[in-house]
Amino acid sequence: MRTIIIPSVVNADRDLPANAKLLYGEMFNREYDEISCFSIMTNKQLAELCNIKEDTVYRLLRKLNKKGYIRIEYENEGTPFKERKIRLLVGPFDHFAVRL
């Protein structure tokens, strides 16, 4: 059994589908994993990891990017060997400001 960490600000976002939160948590857990760096994983690999369809991963990544939780960068754009890197922008201790 393993634990998936999902930052509270991501988890509390009611506009995000549950699978987007799961995908973020899976990527977050692998951010520091030297064996399987998520940032260079393909959509197919991420889909298998989360047990969802590849086109769903594409849509969820776009949504996470649009909401500002990740940044997608492309290297060697315009070449057949374009490489994608995903940067997580929300960490485990990011949270909402609470007004009392």
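**Around helix 2: a walk through the fold**

The buried residues of helix 2 are covered by parts of the chain that include helix 1, helix 3, helix 4, strand 1 (70-75) and strand 2. Helices (H or I, at least four residues) and strands (E, at least two) are here DSSP runs numbered from the N terminus, while buried stands for under 20% relative accessible area, exposed for over 50%, and partly exposed for what lies in between, with a 1.4 Å probe and protein chains only. The structure is a predicted model, in which local features need pLDDT of at least 70 and side-chain atom pairs count only at pLDDT 80 or more, whereas totals for chains, interfaces and linings use all residues. Residues are numbered from 1 along each chain as its sequence is written, and side-chain values use heavy atoms, with hydrogens and water left out.

The protein has four helices and two strands, which follow one another along the sequence in the pattern α-α-α-α-β-β. Of its 100 residues, 34% are buried. Among the contacts (heavy atoms within 4.5 Å) with a separation of 6 or more, 50% come from residues 24 or more positions apart.

Within helix 2, the buried residues are Ala20, Lys21, Leu23, Tyr24, Gly25, Glu26, Met27, Phe28 and Arg30.

In soluble globular proteins, nonpolar side chains tend to be buried together. A nonpolar core is taken as a set of buried Ala, Val, Leu, Ile, Met, Phe, Trp, Tyr and Cys residues joined through side-chain atoms within 4.5 Å, and the largest one here has 22 residues, with Leu23, Tyr24, Met27 and Leu64 making the most contacts inside it. Two or more residues of this core are given by each of helix 1 (8-11), helix 2 (18-30), helix 3 (43-50), helix 4 (54-66) and strand 2, and helix 2 gives the most, with five residues.

The ends of the chain can be followed through two valines. Val10, in helix 1, is buried, with a relative accessible area of 0%, and, leaving aside neighbours within four places in sequence, Val10 is in contact with Leu16, Lys21, Tyr24, Tyr69 and Val90. Val10 and Val90 are 80 residues apart along the chain, yet their C-alpha atoms are separated by 7.8 Å. Val90 itself is found in the segment after strand 2 (83-88) and counts as buried at 10% relative accessibility. With neighbours within four places again left aside, the contacts of Val90 are Pro7, Val9, Val10, Tyr24, Phe28 and Tyr69; the C-alpha atoms of Val90 and Tyr24, 66 residues apart along the chain, are separated by 9.6 Å.

Two packed helices are described by the angle between their axes and the distance between the axes. For helix 3 and helix 4 the angle is about 100° and the axes are 8 Å apart, where axes are lines fitted to C-alpha atoms, for helices over the stretch in contact, and angles run from 0 to 180 degrees between N-to-C directions. Helix 3 and helix 4 are therefore roughly perpendicular to each other, on a scale where angles under 35 degrees count as roughly parallel, over 145 as roughly antiparallel, 65 to 115 as roughly perpendicular and the rest as oblique. Asn43, Lys44, Leu46 and Ala47 of helix 3 meet Glu54, Val57, Tyr58 and Leu61 of helix 4 in this contact.

Charged pairs complete the picture. With a salt bridge defined as a side-chain nitrogen of Lys or Arg within 4 Å of a carboxyl oxygen of Asp or Glu, the count comes to six. One of them joins the side chains of Asp15 and Lys67 (3.5 Å, N to O); because Asp15 lies in the loop between helix 1 and helix 2 and Lys67 in the loop between helix 4 and strand 1, this pair ties together parts that are 52 residues apart in sequence. Asp15 is exposed, with a relative accessible area of 53%, whereas Lys67 is partly exposed, at 34%, and a network of salt bridges links Asp13, Asp15 and Lys67.

Glu73, partly exposed with a relative accessible area of 24%, forms a salt bridge with Arg71, the closest N and O atoms being 2.9 Å apart. Glu73 also forms a salt bridge with Arg87, with the closest N and O atoms 3.3 Å apart, and this pair links distant parts of the chain, Glu73 in strand 1 and Arg87 in strand 2, 14 residues apart. Both arginines count as partly exposed, Arg71 with a relative accessible area of 41% and Arg87 at 34% relative accessibility.
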